[in-house]
Amino acid sequence: MKIYNFFLKGFILAFLIFSIYSCTSDKKKQKKDKEIISEQVINLNVPSFNKDSAYKYLEEQLSFGPRVIGSDAWLKCSKYLVNKLKLWADTVIVQIAPVRTFDGKIFNAKNIIASFNPEDDNRILLASHWDSRPFADKDPWPENRKKPIDGANDGASGVAILMEIAKILSQHKPPVGIDIILFDAEDYGPTED
């Protein structure tokens, strides 16, 4: 749950900063020290983050199994993510590119990009990766080290938070452009001994 709080606080902070930035006052109108400077009151309606909804998105990702690039679970999950984001975002793009892994295998990676308020040049980027590691090389039990991991905490949790944020953004148009990128092939790195 710590990662939920971290991303939620980060989203709220970014939202507040950009909201305040867009409401700047004309400082040139300030006169000498003796004049009274009026304060601008900014009322923000910050939507609530539904942790139960986000947790459901995490469970749905895990229901496919380990999302190792090129696997059946990976393919099903990519379709699920694209379809969900199409419900909320103004545009959704799937960026497909061949990648060569450290062990010489070639896969077609799928980065999923959801954009809100795409015409705005002032943009915020929120990102996570949606794939999972093909082997549990850090597992304390040697018999598990060649098995794929489900990636609940690393990957699926970040994506679940971004999905809930995407749903919120569809209901509350942001004052700036926001892009959510779900990166692929992030977790297929070499084993560190």
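Guide: Lys76 is partly exposed at a relative accessible area of 43%; with a 1.4 Å probe and protein chains only, buried means under 20%, exposed over 50%, and partly exposed in between. The model is predicted, so local features are taken at pLDDT of at least 70 and side-chain atom pairs at pLDDT 80 or more, whereas totals for chains, interfaces and linings use all residues. Residues are numbered from 1 along each chain as its sequence is written, and side-chain values use heavy atoms, leaving out hydrogens and water.

The side chain of Lys76 joins that of Asp72 in a salt bridge, at 3.1 Å from N to O. The term requires a side-chain nitrogen of Lys or Arg within 4 Å of a carboxyl oxygen of Asp or Glu. Both residues belong to helix H3, four residues apart, or about one turn of the helix. Helices (H or I, at least four residues) and strands (E, at least two) are DSSP runs numbered from the N terminus. Side chains of opposite charge can pair when their charged atoms come close. Seven salt bridges are found in the whole structure.

Helix H3 has two helical neighbours to consider. Its axis (residues 72-88) comes within 8 Å of that of helix H4 (residues 152-171), with a crossing of roughly 25 degrees. H3 is therefore roughly parallel to H4. Axes are lines fitted to C-alpha atoms, for helices over the stretch in contact, with angles from 0 to 180 degrees between N-to-C directions; under 35 degrees is roughly parallel, over 145 roughly antiparallel, 65 to 115 roughly perpendicular, and the rest oblique. From H3, Tyr80, Leu81, Lys84, Leu85 and Trp88 meet Val159, Met163, Ala166, Lys167 and Ser170 of H4, contact meaning heavy atoms within 4.5 Å. Seven nonpolar, one polar and two charged residues make up this contact. Here Ala, Val, Leu, Ile, Met, Phe, Trp, Tyr, Cys and Pro count as nonpolar, Asp, Glu, Lys and Arg as charged, and the others, Gly among them, as polar.

The axis of helix H2 (residues 51-62) comes within 10 Å of that of H3, and the two cross at roughly 150 degrees. H2 is thus roughly antiparallel to H3. Tyr57, Glu60 and Gln61 of H2 meet Cys77, Tyr80, Leu81, Lys84 and Trp88 of H3. By class, five of these residues are nonpolar, one is polar and two are charged.

E1 (residues 91-100) and E2 (residues 106-116) pair in the antiparallel sense over ten bridges. Within this pairing, Val94 has Ile112 of E2 as its bridge partner. Five residues lie between the strands of the hairpin, where Gly104 takes a positive phi near 85 degrees.

Technical notes:
Pairing = 2+ DSSP bridges.
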